[in-house]
Amino acid sequence: MRISVLLAALVGVVVLSPGAPVPVSPAQVRLVDNTVLVDNTVQALSPFDVANPAVGLLDPALLGAVQRAATAAAADGVAMTITSGWRSAQFQQQLLDDAVATYGSLAAARQYVQTPEGSRHVLGQAVDIGGPQADQWLMTNGARYGLCRTYANEPWHFELTADPAGRCPPMLPSAAG
């Protein structure tokens, strides 16, 4: 189960606060972070699903930017979802612990998973994007909405970091910096 949670986290998951009610039918599997898998597929969220804490607890400026970008992407025929948004510090720590167990060291794990203290997901200031071609659309158009890809090794991870002129800062090589 721990590796399943880590794998889902690395490819982008819907992360809910622990204890958040998620209905589960017999065809669904609920992971320890309340991510719901249906037929081994992560169920991503709409950027407008603010009733879900993974979306609703995002920083309001980030949420607005993602919603505006998703609307524009849809007009271009690209469906954009949130595969991971706000995360609790406890869940972020579990992701890190699982990554250490998988990769054998904290240094190796930190290439993919931030500490709870360093994670922008915990602050509601980062979002992982899903949907066919959505990350590419956002890499091309995101700066118009203030959204920038943060890490070279995570094409799905975006933060609200564009400057007032719509320029993104250079990407970091990984979550480790």
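Helix α4 is followed by G104, whose phi is positive, near 90°, and a positive phi, near 70°, is also found at Q133, a residue other than glycine. The model described here is predicted.

**Helix α4**

- Helix α4 covers residues 89–103, and its 15 residues should span 21 Å at 1.5 Å a residue, a value with which the separation of 21 Å between its end C-alpha atoms agrees.
- The buried residues of α4 are F91, Q92, L95, L96, D98 and A99, and because they fall within an arc of 165° when seen down the axis of α4, they line one face of the helix.
- An α-helix has 3.6 residues a turn, so residues three or four places apart point the same way.
- On the face of α4 turned away from its buried side stand the exposed residues Q90 and A101.

- Q133, with its positive phi near 70°, belongs to the loop between β5 (126–130) and α6 (134–141), and it counts as exposed because its relative accessible area is 59%, where the cut-off for exposed is over 50%.
- E154 is placed in the loop between β6 (147–149) and β7 (157–160), yet E154 is buried, with a relative accessible area of 7%, which falls in the buried class because that class takes in values under 20%.
- Leaving aside neighbours within four places in sequence, E154 is in contact with Y112, R149 and A175, while the C-alpha atoms of E154 and L172, which are 18 residues apart along the chain, are separated by 9.9 Å.

**The disulfide**

- C148 and C168 form a disulfide in which the sulfur atoms are 2.1 Å apart, and with -85° about the S-S bond the link of C148 and C168 is left-handed.
- This pair links distant parts of the chain, with C148 in strand β6 and C168 in the segment after β7, 20 residues apart.
- The two cysteines belong to separate accessibility classes, since C148 counts as buried at 1% relative accessibility, whereas C168 counts as partly exposed at 37%.

- Side chains of opposite charge can pair when their charged atoms come close.
- The side chains of D128 and R87 meet in a salt bridge with an N to O distance of 3.4 Å, and as D128 lies in strand β5 and R87 in the loop between β4 (81–84) and α4, the pair ties together parts that are 41 residues apart in sequence.
- In this pair D128 counts as buried, at 2% relative accessibility, and R87 is also buried, with a relative accessible area of 7%.
- A salt bridge of 3.2 Å, N to O, joins the side chains of R120 and E159, linking distant parts of the chain, with R120 in the loop between α5 (106–109) and β5 and E159 in strand β7, 39 residues apart.
- Of these two residues, R120 counts as partly exposed at 31% relative accessibility, whereas E159 is buried, with a relative accessible area of 5%.
- The side chains of D163 and R167 meet in a salt bridge of 3.1 Å, N to O, in which D163 counts as partly exposed at 26% relative accessibility and R167 is exposed, with a relative accessible area of 56%.

Definitions and conventions. Residues numbered from 1 in each chain as written. Predicted model: local features only at pLDDT ≥ 70, side-chain atom pairs only at ≥ 80, totals over all residues. Heavy atoms only, no water. Helix = DSSP H or I, 4+ residues; strand = E, 2+ residues; numbered from the N terminus. Buried < 20%, exposed > 50% of the residue type's maximum accessible area, 1.4 Å probe, protein only. Expected span 1.5 Å × (residues − 1). Arc of directions from axis to C-beta. Contact = heavy atoms within 4.5 Å. Disulfide = S-S within 2.5 Å. Salt bridge = Lys/Arg side-chain N within 4 Å of Asp/Glu carboxyl O.
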